[in-house]
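Here are a few exercises to work through with the model open in your viewer. Try each task yourself before you read its solution.

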Amino acid sequence: MNKSYSYGKQYIEKDDIQAVIDVLKSDWLTQGPTIGNFEKLLCEKLGSSYATAVANGTAALHLMALALGWMKGDVVLTTPITFLATANSVLYAKAIPDFVDIDGVSYTVDIDKLEDKIEYYQKKGKKIKAVVAVDYAGHPCEWKQLRFLADKYEFQLINDACHAIGAMYKNEHHYISMYADTAILSFHPVKHITTGEGGAILTNSKEFQEKVKILRTHGMTKDENRLEKNDGPWYYEMHELGFNYRITDIQCALGISQLKKLERFIQRRQEIAHYYDSVFEGDERFIIPQCAEDISHAYHLYPLQIRFDRISITKKALFERLRGKNIYCQVHYIPIHLQPYYRKNFGFQPGDFPVAEKFYEQEMSIPVYPQLETEDLEYISSTIKMLAK
């Protein structure tokens with residue numbers, strides 16, 4: 001049977017399976033000690049003081065928005081080139097989402113356009129509540145400049161790092177927790193490491209972490225400092241509305257095993273990306289992703305741009321023909337402001353963010369995951385080059 005290639009895929013080994021089996025044989029399946037062990041390991045790897053593991057990346061974004069106190073009327077800025085959940089988290093808190101166009105080289109938020117948007121709102125007498133910057137595809141944003149703007153204009157700064165665990169900014173792995181007020185991770189199977197479904201919230205604020213922990217479990221607390229009374233060791237109170245966004249010991253056992261291999265996974269993704277660079281660079285039909293000098297790209301995605309205005313085949317037709325060759329690419333992402341919901345409810349129009357829209361027209365995420373061998377990469381890249389005519 002011929003091999004097939006998706007744009008991303010989990011990498012599960014025997015020790016990962018054994019780690020899950022060990023938990024299945026234990027007394028704890030859901031809310032046991034393995035969750036805390038996983039959270040501790042995340043802190044050690046990423047340099048944060050606190051980590052809260054949750055059901056998925058969307059749950060992490062939602063809890064983050066609630067814990068930061070976003071409310072009706074607050075304006076939160078993000079990029080249009082991200083998954084829906086990033087912007088939807090603003091809506092969950094009943095705040096107002098708006099977007100800032102991307103930089104044409106890094107594909108992350110354009111710093112100059114961000115400041116322009118902030119000043120636009122200031123002239124209208126409106127203060128920006130928060131900025132959610134996305135380390136798109138695994139390329140860190142300009143976090144030093146973002147921190148400067150956050151201090152200057154006094155807004156909350158969030159790192160949606162779901163693509164970037166294992167990346168480095170200014171030669172620092174811990175950048176995720178150094179510049180932003182909080183950071184969000186995802187452990188979906190196509191990410192660098194997986195817990196099946198899962199996510200996490202990182203912060204250096206004890207107060208913020210305590211809010212997230214309570215909101216993660218229905219708003220329940222047993223903290224004696226918060227209880228209005230205490231009937232006994234079983235007693236708990238609910239002071240605010242929370243959710244069941246908990247993760248399980250089973251998932252965290254897999255996460256611990258996977259996290260130990262992060263550096264190896266990242267290295268292989270970088271090797272694959274460098275192979276693609278060598279194949280597509282210099283061919284005027286293609287634009288390869290760039291990498292700033294002071295960063296180490298995590299390559300959750302390899303976003304290859306194809307200049308469809310220079311070739312005869314359309315994007316849709318190329319996708320279909322690649323699928324016929326068992327190569328299943330994807331597009332990341334349809335700009336959020338073009339989604340019907342956002343157009344109808346917030347008045348966004350085509351042309352509002354032209355760099356993002358042009359990027360969408362040309363971008364294809366081609367396969368990048370550790371299991372790919374050199375012969376696989378040769379087949380994938382040669383097939384793309386053969387069909388893109």
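**Exercise 1.** In which loop does K191 lie?

*Solution.* Keep in mind that this is a predicted model. Start at strand β8, residues 182–186, and look ahead to β9, residues 199–203; K191 sits in the loop between the two.

**Exercise 2.** Decide whether K191 is buried or exposed, then find what it touches.

*Solution.* First, the accessible area: K191 has a relative value of 13%. Buried means under 20%, so K191 counts as buried. Next, the neighbours: leaving out residues up to four places away in sequence, K191 touches C162, H163, S186, R269 and H300. Now zoom in on S186: its side chain and that of K191 make a polar contact at 3.4 Å.

**Exercise 3.** Find the strands that pair with β9.

*Solution.* Take β8 first: it pairs with β9 in the antiparallel sense, over 5 bridges. One of the residues here is S186 again, whose bridge partner in β9 is G199. Then go to β2, residues 50–54, which also runs antiparallel to β9 and is joined to it by 5 bridges. On this side, V54 has G199 as its bridge partner.

**Exercise 4.** Which residues of β9 point one way, and which the other?

*Solution.* Go along the strand and sort the residues: G199, I201 and T203 point one way, while A200 and L202 point the other way. Then check their burial: 5 of the 5 residues in β9 are buried, so the strand is mostly covered.

Terms used. Residues numbered from 1 in each chain as written. Predicted model: local features only at pLDDT ≥ 70, side-chain atom pairs only at ≥ 80, totals over all residues. Heavy atoms only, no water. Helix = DSSP H or I, 4+ residues; strand = E, 2+ residues; numbered from the N terminus. Buried < 20%, exposed > 50% of the residue type's maximum accessible area, 1.4 Å probe, protein only. Contact = heavy atoms within 4.5 Å. Polar contact = N/O pair within 3.5 Å; in protein donor to acceptor, adjacent residues only side chain to side chain. Pairing = 2+ DSSP bridges.
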